[in-house]
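Subject: Structure for you to look at

Hello,

Here is the structure I promised to pass on. Please open it alongside this note; my findings follow below.

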Amino acid sequence: MSIEKVARLAGVSKATVSRVLNQHPGVRPDTRKRVLAAINVCEYQPNLLARQLRTAQSNMLLVLISDITNPFCSRVVQGIEAEAEAHGYHILLCNSASQLRRETAYLALLAGKVVDGVITMDAAACLQGLKELIGDAPWVQCAEYDPSVNASSVTIDNRQAAYDTVHYLAGKGRQRIALVNCDMRYLYSHQRESGYRDAITQLGLDWHGVAYASDISCEAGSAALRELLTQPERPDAVFAVSDVLAVGVIHAALEAGLRVPEDLAVVGFDGIPFTSSINPPLTTIAQPMNQMGARSVQLLLARIRQRQAAVVHEVLPWTRIERASS
């Protein structure tokens, strides 16, 4: 169905229909409503390629994430997608596994004007390589960031969150607080371990232990706790850098005959909703995942609309949700 038919049905000009399709603010609400109703009746689909050629914009955003199976990533992507759609954009999702070869193929879309900008959630260790590929195209770093890259970022204070978590557990009387960490290519892994170690030192605790999970999975979290339980003195608390790992820690603790939290307190990180339903419900450091995604889109669109927009490094607040596991 043509744009001419939509215009005739709505009783407006083709230019007015075009303004509605392009979300131009200078259209009266009643006119906009009439045009949208005509579009619905005609089942009109705009020629996106023609619009892209005319405006030099695709209204598509590329999102590079390291692991779509990680609930944290998927929750952030929900925030990205909702905010993008609110501004008339759609997203193209690349599950990169932090592999530069895969990312290179997707980033070629920037040069081809198939996408207008990019949001990355890849490991910080990959960002210098991406810097060369992205160049001066609009770019926002979400969660993971490299401060030497000339691109805005949205994150939380991972170090402070970990530091406060150790103090929280010590305040509960725990003296042997262990950390379950993961892939050290990620900045958050370094920052959370730094906060953990600083708090152990500041509190003067004699015991500490760190186990590194092979990946973000319940199985890897369970394996990490089993490793910690081989020490001459077992931990009486575990802080895991991911809720998924923390759930695995709880499973392994119960299998070993330990009571949670009486024998072993457990705290996770991220604030994934399902953790309130496990037994016992998990205490967690909740990140504003949807907000991180939405804010990333806002900063990216600012850069798309004005290439000289200021680089912003935004640190959002986190919260501790106390539940029965601690």
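Predicted model: local features only at pLDDT ≥ 70, side-chain atom pairs only at ≥ 80, totals over all residues.

β6 covers residues 177-181, and five of its five residues are buried. Ile177, Leu179 and Asn181 point one way from the strand. Ala178 and Val180 point the other way. Both sets are buried.

β6 has neighbours in β8 and β7. Four bridges link β6 to β8 (residues 237-240), and the two run parallel. Four bridges also link β6 to β7 (residues 209-212), again parallel. There, Asn181 stands opposite Tyr212 of β7.

These strands belong to an open sheet of six, in the order β7-β6-β8-β9-β10-β12. Its pairing is mixed. β7 and β12 (319-321) are the edge strands, and each pairs on one side only. From one strand to the next, the twist averages 20°.

Further along this sheet, β9 (residues 265-270) is joined to β10 (residues 283-286) by four bridges, in parallel. Val267 faces Thr283 of β10.

Two helices to check against this sheet are α8 and α9. Helix α8 (residues 158-171) packs on it and touches β6, β8, β9, β10 and β12. The direction of α8 makes about 165° with that of β9. Helix α9 (residues 187-203) also packs on the sheet, touching β6, β7 and β9. The direction of α9 makes about 170° with that of β6.

**The parallel sheet**

Another open sheet has six strands in the order β2-β1-β3-β4-β5-β11, with parallel pairing. β2 (90-95) and β11 (313-316) each have a single partner strand, so one side of each has no neighbour in the sheet. Neighbouring strands here are turned by 20° against each other on average, direction ignored.

Ser153 has His313 of β11 as its bridge partner.

α6 lies across β1 (60-65), β2 and β3 (117-121), and runs at about 160° to β2. Helix α12 (residues 289-305) lies across β1, β3, β4 (139-142), β5 and β11. α12 runs at about 170° to β5.

**Helix pairs**

Start with α6 (residues 100-111) and α7 (residues 127-134). They pack at an angle of about 30°, with axes 10 Å apart. The angle makes α6 roughly parallel to α7. The crossing is right-handed. From α6, the contact uses Leu100, Glu103, Thr104, Leu107 and Leu110. They meet Gly129, Leu130, Leu133 and Ile134 of α7. By class, that contact has six nonpolar, two polar and one charged residues.

Now α10 (residues 218-228) and α11 (residues 243-255). Their axes come within 6 Å and cross at roughly 55°. The two helices are therefore oblique to each other. α10 passes α11 in a right-handed crossing. On the α10 side, the contact is made by Cys218, Ala220, Gly221, Ser222, Leu225 and Arg226. On the α11 side, the residues include Val244, Leu245, Val247, Gly248 and His251. The contact of α10 with α11 divides into nine nonpolar, four polar and two charged residues.

Best wishes

How values were computed:
Residues numbered from 1 in each chain as written. Heavy atoms only, no water. Axes fitted to C-alpha atoms, helices over the stretch in contact; angles between N-to-C directions. Parallel < 35°, antiparallel > 145°, perpendicular 65-115°, else oblique. Left-handed = near helix turned anticlockwise from the far one by under 90°. Contact = heavy atoms within 4.5 Å. Nonpolar A, V, L, I, M, F, W, Y, C, P; charged D, E, K, R; others polar. Buried < 20%, exposed > 50% of the residue type's maximum accessible area, 1.4 Å probe, protein only. Pairing = 2+ DSSP bridges.
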